[in-house]
Amino acid sequence: MEKTGFRRNLINITPYVAGEQPKNDRIIKLNANENAYPPSPMVQKAINGFDVSSLRRYPDFSGEPLRSRLAEYYGLKTSQIFVGNGSDDVLAAAFRAFFNGSEPILYPDVTYSFYPVWCEILKIPFKTIPLREDFTINVDDYCVPNGGIIFPNPNAPTSIALSKGEIIRLLDANRDVIVVLDETYIDFGGESCVDLLGSYDNLVITRTFSKSRSLAGMRLGFAMGSEELISYMNAVKDSYNSYPVDAVAIAAGCAAVEDDEYFKGTLKKLIATRERLAGEFTELGFKVAASAANFLFVTHPRYKAKDIFTYLRDKGIFIRYFDSPRIDNYLRITVGTDEESDRLTEAVREFVR
Ligand code: PMP
């Protein structure tokens with residue numbers, strides 16, 4: 001319906017839809033790729049010891065000392081790190097800072113469904129590039145004139161990683177535009193491209209504390225890139241919100257980065273559970289994509305994905321179903337604890353029977 005009067009000036013947008021939030025804690029929540037395990041005990045300690053009286057001051061506007069901690073961890077300069085309020089905030093700053101041309105930016109047809117939302121709200125021209133039939137990225141399709149490139153590695157919701165060799169090929173063919181690699185899930189598998197930052201000054205990598213560091217509720221994300229590109233992201237941030245990262249989040253983030261042993265231990269457990277779960281789903285007749293993330297992307301040749309989704313939902317197990325082209329017979333399932341995974345497999349086994 002056409003809008004008239006003051007309503008004609010209202011925003012016209014389809015927002016991103018996040019995974020459903022359960023109303024009680026008996027639900028097994030495997031629908032938002034959150035970490036199955038709690039954050040490091042050092043995070044708890046940092047929060048317990050946090051000096052509340054310091055909250056009367058604004059936090060450091062660049063997210064210090066978290067920024068330096070991350071720089072040290074990844075072997076970069078502090079000026080090469082940008083921190084934000086979750087990687088969604090970081091990605092929004094990247095879209096604003098880097099995608100201002102008239103040529104369309106490129107991203108896969110099946111990918112993180114927030115990208116089209118940012119393009120719409122920021123009026124960025126874009127072109128989606130179909131993944132191959134097996135849901136892998138074909139780098140050749142990105143070797144065409146464009147206004148920038150973004151994709152997650154591993155991709156979401158497919159869980160499939162692109163090799164570093166292929167990413168290098170993509171970067172070599174796209175020296176004149178900015179390539180944003182969304183490494184939200186890279187800690188669970190796949191090869192990080194952080195060590196390519198020295199060779200490609202047009203590469204920006206985004207990361208989050210929400211997945212591998214179990215801090216989705218804290219809202220922390222960061223980007224890594226050349227000093228020049230990071231300075232543009234900071235200019236964008238300072239143009240809409242000078243202090244996106246609060247002081248408690250900075251303290252929690254620092255503690256999470258310091259406890260590397262806990263971080264690596266959690267990853268190891270989740271990867272082991274993922275592999276076991278993938279085996280069990282394969283035995284149940286599912287086709288399971290080779291996952292390098294903390295979730296599985298599956299389809300069954302005999303059953304409708306939506307029916308499985310609804311069956312599990314009624315049993316108190318939340319997974320993710322996307323009613324979108326090409327993937328409307330697939331399910332995205334977050335890897336939970338061993339116990340959660342056992343209950344999931346049990347319920348799916350009942351369904352298949
Ligand atoms: N990128 C991808 C590919 C994601 O799946 C997500 C999680 N929904 C994000 C970015 C954003 O995560 P966060 O804002 O929690 O860091």
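Start with the lining of the largest pocket in this predicted model: at least three of its residues come from domain 1 (21-39 + 261-352), and at least three from domain 2 (41-258). Colour these two domains, as given by the domain assignment, before going on.

Next, select Tyr16, Val17, Tyr112, Ser113 and Arg320, which lie nearest the centre of the largest pocket among its 47 lining residues. The volume here is about 1100 Å³. Now show helix 3 (87-98), strand 3 (105-108) and helix 4 (115-122); each of them gives the lining at least two residues. Sorted by class, the lining of the largest pocket holds 12 charged, 14 polar and 21 nonpolar residues.

Turn to the boundary between the domains. Their centres, taken over C-alpha atoms, are 25 Å apart.

How many salt bridges are counted between domain 1 and domain 2? The count is 1.

Last, go to the second largest pocket, with about 240 Å³ of space. Select its lining, including Lys29, Leu30, Glu34, Ala216, Gly217, Thr334 and Glu340. By class, this lining has 4 nonpolar, 5 polar and 3 charged residues.

Key:
Residues are numbered from 1 along each chain as its sequence is written. This is a predicted model: local features need pLDDT of at least 70, side-chain atom pairs count only at pLDDT 80 or more; totals for chains, interfaces and linings use all residues. Side-chain values use heavy atoms; hydrogens and water are left out. On a 1 Å grid over the protein atoms alone, a cavity is a set of points where a 1.4 Å probe fits but cannot get out, and a pocket is an open set with protein on both sides within 12 Å along at least five of seven lines; lining residues have an atom within 4 Å of a point. Grid points are joined across faces, edges and corners, and a volume is the space filled by probe spheres set on the points. Helices (H or I, at least four residues) and strands (E, at least two) are DSSP runs, numbered from the N terminus. Ala, Val, Leu, Ile, Met, Phe, Trp, Tyr, Cys and Pro count as nonpolar, Asp, Glu, Lys and Arg as charged, and the others, Gly among them, as polar. Domain bounds come from an automatic or database domain assignment. A salt bridge is a side-chain nitrogen of Lys or Arg within 4 Å of a carboxyl oxygen of Asp or Glu.
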